[in-house]
Amino acid sequence: MKKRILVTGGAGFIGSHLCERLLADGNEVIALDNYFTGDKRNVEHLFQNPMFRMVRHDITFPYFEEVDQIYNLACPSSPLYYMHDPVMTLKTSLIGAVNVLEVAKRMQARIVQASSSKVYGRVEVPLISEQYRGNVNPIGERSAYQEGKRAAESIFAAYRNQYGVDTRIVRLFNVYGPRMSLEGGKVIPSFIRNALSGENISIRGNGMQTRCFLYIDDAVEALVRTMNADGDMSRPVNVGSADPIRIDALAEDIINLTGSPSKVTLLDLPTESSPRSVPDIAYARKRLGWEPLVPIEEGLTRTVAYFEKKMRSESRIYPFFSWAEMM
């Protein structure tokens with residue numbers, strides 16, 4: 001049945017893909033974004049759809065819309081952005097959450113919070129289940145994002161327990177794919193940008209850190225299933241790939257995919273990041289009937305192709321272009 005759905009952060013990387021999916025399912029979609037990290041170009045192709053409406057709005061200010069469902073994705077997620085403006089990041093996470101929860105409360109709408117694996121902080125267990133309490137430094141370099149997401153989860157639980165709002169929480173692990181920001185400091189787009197520019201890829205640490213990367217289509221599927229699942233969904237759910245890859249191996253894969261002359265260099269710099277981050281997705285498999293379908297090789301190929309086209313269209317210089325064309 002067609003629903004009227006509000007998506008905050010709708011012009012962002014994940015939000016724009018989610019809007020596409022919801023429209024394809026026959027729903028009416030209202031997207032909010034203040035364009036701090038979102039990009040109107042991500043959703044321009046949707047403007048001709050009469051079921052889609054884009055609204056420029058900062059959710060730290062109240063907003064009301066008569067809707068059936070809400071996806072709250074509004075928050076800077078790239079280190080460059082949330083470390084640049086930690087106050088805005090915290091305000092968006094907490095005050096923004098309160099404002100959309102008030103809409104859900106008034107409309108008796110179901111609401112999903114796009115949380116993050118960063119709520120676990122520096123992980124000290126081999127497999128991260130939803131019961132793991134985490135290890136977060138409240139005044140660390142990434143604390144605005146980590147503590148903001150934790151606070152948002154807390155206020156979502158409070159609205160559920162005190163007011164009976166149907167809240168759901170998804171903890172996303174390292175989502176990647178087309179439309180990510182090349183400048184935001186996230187691993188995969190940064191590596192791709194450097195490789196396509198013929199620059200060396202620098203890794204902070206020894207390169208042996210492992211991460212699990214989830215392709216955007218699988219993330220969107222999990223968000224939609226979480227929203228539409230029947231019954232109690234009060235427990236947060238981990239959503240990520242369960243196949244770890246070493247960061248230095250990821251860099252080499254991207255170099256090979258792009259045919260770049262780039263080299264991998266290691267920076268002996270301190271970091272608060274975890275040496276290993278692997279989600280336990282047993283609950284998502286059981287409760288949602290969900291699991292990742294796009295392997296990292298296929299996802300990287302699609303993502304590299306997108307960024308190569310984007311960089312060519314923006315006339316960015318390829319230092320190795322003539323060399324690559326002759327190979």
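I started with glycine 15, which counts as buried because its relative accessibility is 2%, and buried means under 20%. I note that the model is a predicted one.

**Glycine 15**

I looked up where glycine 15 sits. It lies in helix α1, residues 13–24. What touches glycine 15, leaving aside neighbours within four places in sequence? I found contacts with Val7, Gly9, Gly10 and Leu73. I also checked a pair of C-alpha atoms.

**Alanine 151**

Next I went to helix α4, where alanine 151 lies. Is alanine 151 buried or partly exposed? Its relative accessibility is 24%, so it counts as partly exposed.

**Helix α4**

I checked the length of α4, which covers residues 143–163. Its 21 residues, at 1.5 Å a residue, should span 30 Å. Its end C-alpha atoms are 29 Å apart, so the two values agree.

I listed buried residues of α4. Among them are Ser143, Tyr145, Gly148, Ala152, Phe156 and Arg160. Which elements cover the buried residues of α4? I noted the strands β4 (69–72), β5 (110–116) and β6 (167–172) among them. The helices α2 (79–84) and α3 (86–107) are also included.

Last, I looked just past the end of α4. Glycine 164 has a positive phi there, about 75 degrees.

Definitions and conventions
Residues are numbered from 1 along each chain as its sequence is written. This is a predicted model: local features need pLDDT of at least 70, side-chain atom pairs count only at pLDDT 80 or more; totals for chains, interfaces and linings use all residues. Side-chain values use heavy atoms; hydrogens and water are left out. Helices (H or I, at least four residues) and strands (E, at least two) are DSSP runs, numbered from the N terminus. The expected span of a helix is 1.5 Å times one less than its number of residues. Buried means under 20% relative accessible area, exposed over 50%, partly exposed in between (1.4 Å probe, protein chains only). Contact means heavy atoms within 4.5 Å.
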